[in-house]
Structure formats: structure tokens, C-alpha cells
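Here is a note for a colleague who is reading this model for the first time. The numbered points below are meant to be followed with the sequence and the structure side by side.

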Amino acid sequence: MTSTPFGQRVEIGDAADIVTARRAARELCERLGFGKADQTRLATAVSELARNVIQYAGTGHCLIEDGSDALNRRIQVVVEDQGPGIANLEQALTYGYSTSGGLGAGLPGTRRLVDDFQIESAPGLTRISIALNKPF
Ligand SMILES: Nc1ncnc2c1ncn2[C@@H]1O[C@H](COP(=O)(O)OP(=O)(O)OP(=O)(O)O)[C@@H](O)[C@H]1O
Ligand SMILES: [Mg+2]
């Protein structure tokens, strides 16, 4: 894990990195003044996205950053990999759709947990950006 101007960067390559990313997300969330439920929401979302990176791309990284401004606390996380990309985004966001015999709950569950959710994906770059916001 390395520090960036607004947070942390975690390289994702194995299961231990999921724990590191999850913990870093929870800690920054707490430091920014989010409650326990929000910390858990974000930690769960980050683990699902990191798990997908390992499963479908092998390696990637995650940026966990303070995006607060004068009006809102904001924690934002970008999870990125250079794998094959998500072939069909609409299907991938549907509960039950999995190309690996999984539950197909990771992406739709993550989208439901967070306040902002954006995916860009093409062969060679998948970037999923999520955030939680809370007014001061
Ligand atoms: N980073 C990624 N790169 C390429 N494909 C991905 C990536 N993340 C998700 N996908 C594709 O989107 C599908 C849905 O992902 P999702 O996390 O919702 O379900 P899952 O990983 O199949 O199962 P679960 O997460 O419930 O164990 C995956 O089966 C896979 O085809
Ligand atoms: Mg998954």
C-alpha cells in the first residue's frame, strides 16, 4: 500500500490484497466521519471489485481517496485492471449473470451499496469508480 496526495493506492494481485484494500477503505471512511454502516458498505463494495480483478484480470490496483469538499464528505474508490474487459456491461450488472459459475451478485450488489457507481470497460482497461457522499 502506498500513499497518494488524497489517500492510498493498493496493488491487487492476491487474496491478501483484498483484505488490505478492504481495510484501507474502511479506515479512510471512518477517518472522514462516516458511520459504521457506511464503512461496511464501502468495505464490502471494495472487496467485491478487488475479487473480480483477481478472478477476471489477474492483477490491478485500487485508489482510495478523500474527495470531500466544503459541503460533503466524500470517499471515492477507483478499481482498475488491464484485463480482457467486461464483454457485456448490461448483463454483468444483472443479478445472477456470471461467466464463472458464480452468484453474479458482485457488480449489481456493489452498485446498490454505493452512492455513485460508474464503469468503463474495454479490452485492456476496466475502471470502476464508486463513492459514498455524506453532507457535513
Ligand atoms: N474486472 C473484470 N474484468 C472482466 N470481467 C469482469 C470483471 N468484473 C466482472 N466481470 C464480468 O462480470 C460478471 C459479473 O460479475 P459479478 O462480480 O457481478 O459476478 P461474479 O464475479 O460472476 O460472481 P460473484 O461476484 O457473485 O461471485 C463476471 O462473471 C465477469 O464475466
Ligand atoms: Mg464477482
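1. A residue is called buried if 20 or more other C-beta atoms lie within 10 Å of its own, exposed if 12 or fewer do, and partly exposed in between, with the C-beta atoms placed from the backbone. Leu63 has 18 C-beta neighbours inside 10 Å, and therefore counts as partly exposed.

2. Some conventions come before the rest. This is a predicted model, in which local features need pLDDT of at least 70 and side-chain atom pairs count only at pLDDT 80 or more, while totals for chains, interfaces and linings use all residues. Residues are numbered from 1 along each chain as its sequence is written, and chains are lettered from A and ligands numbered from 1 in the order in which they are written.

3. Leu63 is part of strand β3, where helices (H or I, at least four residues) and strands (E, at least two) are DSSP runs numbered from the N terminus. Beyond its neighbours within four places in sequence, Leu63 is in contact with Thr4, Gly7, Arg9, Val77 and Val78, a contact being two residues whose C-beta atoms, placed from the backbone, lie within 7 Å. The C-alpha atoms of Leu63 and Glu11 are separated by 8.9 Å, although these residues are 52 residues apart along the chain.

4. The largest nonpolar core has 24 residues, and those with the most contacts inside it are Ala21, Ala25, Val46, Ala50 and Cys62. Such a core is a set of buried Ala, Val, Leu, Ile, Met, Phe, Trp, Tyr and Cys residues joined through C-beta atoms within 7 Å. At least two residues of this core come from each of β2 (7-12), α1 (15-31), α2 (36-57), β3 (60-66), β4 (72-81) and β6 (125-135). Cys62, leaving aside neighbours within four places in sequence, is in contact with Val10, Ile12, Ala21, Val46, Ala50, Val77 and Val79.

5. How do α1 and α2 lie relative to each other, parallel or antiparallel? Their axes come within 8 Å and cross at roughly 155 degrees, where axes are lines fitted to C-alpha atoms, for helices over the stretch in contact, and angles run from 0 to 180 degrees between N-to-C directions. The two helices are therefore roughly antiparallel, since angles under 35 degrees count as roughly parallel, over 145 as roughly antiparallel, 65 to 115 as roughly perpendicular and the rest as oblique. By class, the contact of α1 with α2 has eight nonpolar, two polar and six charged residues; here Ala, Val, Leu, Ile, Met, Phe, Trp, Tyr, Cys and Pro count as nonpolar, Asp, Glu, Lys and Arg as charged, and the others, Gly among them, as polar.

6. Helix α4 (residues 106-113) packs with α2 at an angle of about 155 degrees, with the axes 9 Å apart, and α2 and α4 are therefore roughly antiparallel to each other. On the α2 side the contact is made by Arg41, Thr44, Ala45, Glu48, Leu49, Arg51 and Asn52, and on the α4 side by Gly106, Gly109, Thr110 and Leu113. These residues divide into three nonpolar, five polar and three charged.

7. Arg73 sits in strand β4 and is partly exposed, with 18 other C-beta atoms within 10 Å. Apart from neighbours within four places in sequence, Arg73 is in contact with Leu32, Gly33, Phe34, Ser68, Lys134 and Phe136.
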